[in-house]
Amino acid sequence: MADTHTPHPKYKRVMLKISGEALMGDQGYGLHPPTVQRIAQEVKSVHDLGVEICMVIGGGNVFRGLQGSAQGMERTTADYMGMLATVMNALAMQSALEELNVFTRVISAIRMDEVAEPYIRRRAVRHLEKKRVCVFAGGTGNPYFTTDTAAALRANEMNCEAIFMGKNGVDGIYDKDPKAHADAKRYDSVTYDEVLQKNLRVMDASAIALARDNSLPIIVFPLDEPGGFRGILAGEGTYTKVHGGNGKSGAGEAA
């Protein structure tokens, strides 16, 4: 019975990447506090296992640089605005986590000392060693790079053992959009090269290549499934693993 409630986690340090849209709930824009609190509770449940957690949150619920650029805004300016949106989301997550007594640090790639720490790798590693959740905001600090790439970059810098991609409404990677195609097949596992060759929508190509070059597995799982994050760390639940190609890959039904 004790093992059921306190599973032995598969990984000791992980990166959790979620989109800004995941914080919207049923709203069309902005933050939905109950949804932020629910995700914070999921993070806490994993933190309670002793897992060291890094987080990167997108900014699409507030502003997306590519959309601004598509509407005529200068791309660099639009991207910087998107980075600022990620800081807002990181602060919201920090507030929700600390309400649950989980010590959290927001670490920004763009200096804004009044609300976040500047990114210093060794300091961030020390926070993790002290069991503080580190939320990395501001992307990479550079335009033309997405928060997916930021997640892969920080995960490698922090020596994370895996990237967990939390998705809403899907339980892994499919060969096509399962919401639009009833015959979509789910992959139990897939290689980095297959993701790139088949243009599977997991992370952008730069992030996939960075993960591949450093043999960093990517776990795609349903963020809206209660207990899903904790369950996968205990070796349970449904997910898709992106790996280096030594294992078997292929489409299959949900386990």
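Val195 sits in helix α7; helices (H or I, at least four residues) and strands (E, at least two) are DSSP runs, numbered from the N terminus. This is a predicted model, in which local features need pLDDT of at least 70, side-chain atom pairs count only at pLDDT 80 or more, and totals for chains, interfaces and linings use all residues. Residues are numbered from 1 along each chain as its sequence is written, and side-chain values use heavy atoms, with hydrogens and water left out.

Start with confidence. The average pLDDT (the predictor's confidence in each residue, from 0 to 100) is 91 for the protein chain, and 93% of the residues score at least 70. Residues 247-255 stay under 50, yet the model gives them 23 contacts beyond four places in sequence. Contact means heavy atoms within 4.5 Å.

Now the pocket. On a 1 Å grid over the protein atoms alone, a pocket is an open set of points with protein on both sides within 12 Å along at least five of seven lines, and lining residues have an atom within 4 Å of a point. The largest pocket has a volume of about 1,400 Å³. Of its 50 lining residues, Ser19, Arg64, Asp148, Lys167 and Val202 are the closest to its centre. Volume here is the space filled by probe spheres set on grid points, which are joined across faces, edges and corners.

Which elements supply at least two residues each of the lining of the largest pocket? They are β1 (13-18), α3, α4 (75-99), α6 (147-157), β6 (162-167), β7 (173-174), α7 (192-197) and α8 (205-213). Helix α4 gives the largest share, five residues. By class, the lining has 20 nonpolar, 16 polar and 14 charged residues. Ala, Val, Leu, Ile, Met, Phe, Trp, Tyr, Cys and Pro count as nonpolar, Asp, Glu, Lys and Arg as charged, and the others, Gly among them, as polar.

Ser19 lies in the loop between β1 and α2 (33-47). Ser19 counts as partly exposed because its relative accessibility is 27%; buried means under 20% relative accessible area, exposed over 50%, partly exposed in between (1.4 Å probe, protein chains only). Beyond four places in sequence, Ser19 touches Ile57 and Gly58. Arg64 is in the loop between β2 (52-57) and α3 (65-70). Its relative accessible area is 34%, so Arg64 is partly exposed. Gly82 is 18 residues from Arg64 along the chain, with 5.2 Å between their C-alpha atoms.

Next, the record. In an unreviewed entry, UniProt lists "binding site" for Lys17, Ile18, Ser19, Gly20, Gly60, Arg64, Asn168, Tyr174 and Asp177. The set spans 161 residues in sequence, and its farthest two C-alpha atoms are 24.5 Å apart, so these residues do not all gather at one spot. UniProt positions follow the numbering used here, feature names are shortened, and annotations may be inferred rather than shown by experiment. Asp177 sits in the loop between β7 and β8 (186-191). Asp177 is partly exposed because its relative accessible area is 41%.

The unreviewed entry also places "binding site" at Gly59, Asp79, Thr140, Gly141, Asn142, Pro143, Tyr144, Phe145, Thr146 and Thr147. From that group, the lining of the largest pocket includes Gly59, Asp79, Asn142, Tyr144, Phe145, Thr146 and Thr147. Thr147 is in helix α6. Its relative accessibility is 19%, so Thr147 counts as buried. Beyond four places in sequence, Thr147 contacts Lys17, Val56, Ile57, Gly58 and Thr86. Gly141 lies in the loop between β5 (133-137) and α6. At 17% relative accessibility, Gly141 is buried too. Its contacts beyond four places are Tyr80, Met83, Ala109 and Ile110.

Back to helix α7, where Val195 is found. Val195 is buried because its relative accessibility is 3%. Outside four places in sequence, Val195 touches Val190, Leu200, Val202, Ile208 and Val242. Val202 is also one of the residues closest to the pocket centre. Asp175 is 20 residues from Val195 in sequence and 9.6 Å away, C-alpha to C-alpha.

Terms used: 1 Å grid on protein atoms, 1.4 Å probe; cavity = no way out; pocket = protein on both sides within 12 Å on 5 of 7 lines; lining within 4 Å.
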